[in-house]
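Open the model and keep the sequence beside it.

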Amino acid sequence: METDLLPHPGRGRPREFCVDQALGAALRVFWQRGYEGASLSELTEAMGITRPSLYAAFGNKESLFRKALDLYEREKLSYIQQALAAPTAREVADRLIRGALDKQGEGDEPKGCLSVVASLACAPQGEALRKEVVARRAAIDAAILARFERAKAEGDIPEGIESIGLARMLGAFIQGLMVQASSDVPREQLCAASATLKAIWPSR
């Protein structure tokens with residue numbers, strides 16, 4: 001667990017706080033509010049630090065958001081690589097959907113998907129970050145497409161079904177689930193939708 005020693009305002013001795021815990025708190029705020037919606041006051045209150053401490057430890061708000069994105073991908077999207085290793089395209093889809101659903105309401109974590117929240121329209125000064133979020137999501141989509149193209153070449157996807165169409169359908173389905181989860185749609189209904197997709201998934 002990393003800690004940071006920074007001068008305490010008005011005192012000569014340093015003030016210690018856990019960088020990892022502070023970053024986790026910032027992630028939750030961004031996850032709920034998006035980049036534009038998360039104010040510095042809300043961030044520092046959640047992180048338990050002052051603005052000077054935030055700047056000293058993380059740089060500016062934009063840098064903090066990027067570090068929060070890194071943490072989100074490392075901890076909340078780790079299931080994706082495991083899902084891509086499944087032996088069939090149908091099992092890949094099943095594991096991706098289950099992985100996404102399992103992260104909804106986990107502990108005190110927000111619901112929904114950070115990348116969906118952060119990629120929504122924002123002010124011009126936040127456009128570069130929005131494009132970065134979209135690019136990160138595109139990299140995941142590309143990995144899923146590559147896996148489905150392999151499945152197509154192996155005969156795992158039936159003739160007449162394009163791998164790119166299947167990948168896009170799955171991506172849209174999962175993002176839709178995340179939006180509904182953030183709107184407090186009951187988990188059993190989300191699971192029912194997932195079971196339906198699994199039932200109609202094209203197979204050989």
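How do the residues of the lining of the largest pocket divide into nonpolar, polar and charged? They divide into seven nonpolar, two polar and three charged. Here Ala, Val, Leu, Ile, Met, Phe, Trp, Tyr, Cys and Pro count as nonpolar, Asp, Glu, Lys and Arg as charged, and the others, Gly among them, as polar.

This is a predicted model, where local features need pLDDT of at least 70, side-chain atom pairs count only at pLDDT 80 or more, and totals for chains, interfaces and linings use all residues. Residues are numbered from 1 along each chain as its sequence is written, and side-chain values use heavy atoms, without hydrogens and water.

**Spaces**

The search uses a 1 Å grid over the protein atoms alone. A cavity is a set of points where a 1.4 Å probe fits but cannot get out; a pocket is an open set with protein on both sides within 12 Å along at least five of seven lines. Lining residues have an atom within 4 Å of a point. Points are joined across faces, edges and corners, and a volume is the space filled by probe spheres set on them.

There are three cavities of 30 Å³ or more.

| Space | Volume |
|---|---|
| Largest pocket | about 220 Å³ |
| Largest cavity | about 180 Å³ |
| Second largest cavity | about 70 Å³ |

Helix 8 (127-153) and helix 9 each supply at least two residues of the pocket lining. Helices are DSSP runs (H or I, at least four residues), numbered from the N terminus. Among the residues lining the largest pocket are Arg-137, Asp-141 and Arg-168.

The largest cavity is lined by 18 residues. Leu-77, Tyr-79, Ala-100, Ile-174 and Met-178 lie nearest its centre. Its lining has 12 nonpolar, three polar and three charged residues.

Helix 8 gives the second largest cavity the largest share of its lining, four residues. Leu-77 is one of the residues lining this cavity.

**Helix packing**

Helix 1 (residues 19-37) packs on helix 2 (residues 40-47) at about 155°, with axes 8 Å apart. Axes are lines fitted to C-alpha atoms, for helices over the stretch in contact, and angles run from 0 to 180 degrees between N-to-C directions. Helix 1 and helix 2 are therefore roughly antiparallel (angles over 145 degrees).

The axes of helix 9 (residues 163-182) and helix 10 (residues 187-200) come within 11 Å and cross at roughly 170°. So helix 9 is roughly antiparallel to helix 10. Contact means heavy atoms within 4.5 Å. Phe-173 of helix 9 and Leu-190 of helix 10 are among the contact residues.

Conventions: Parallel < 35°, antiparallel > 145°, perpendicular 65-115°, else oblique.
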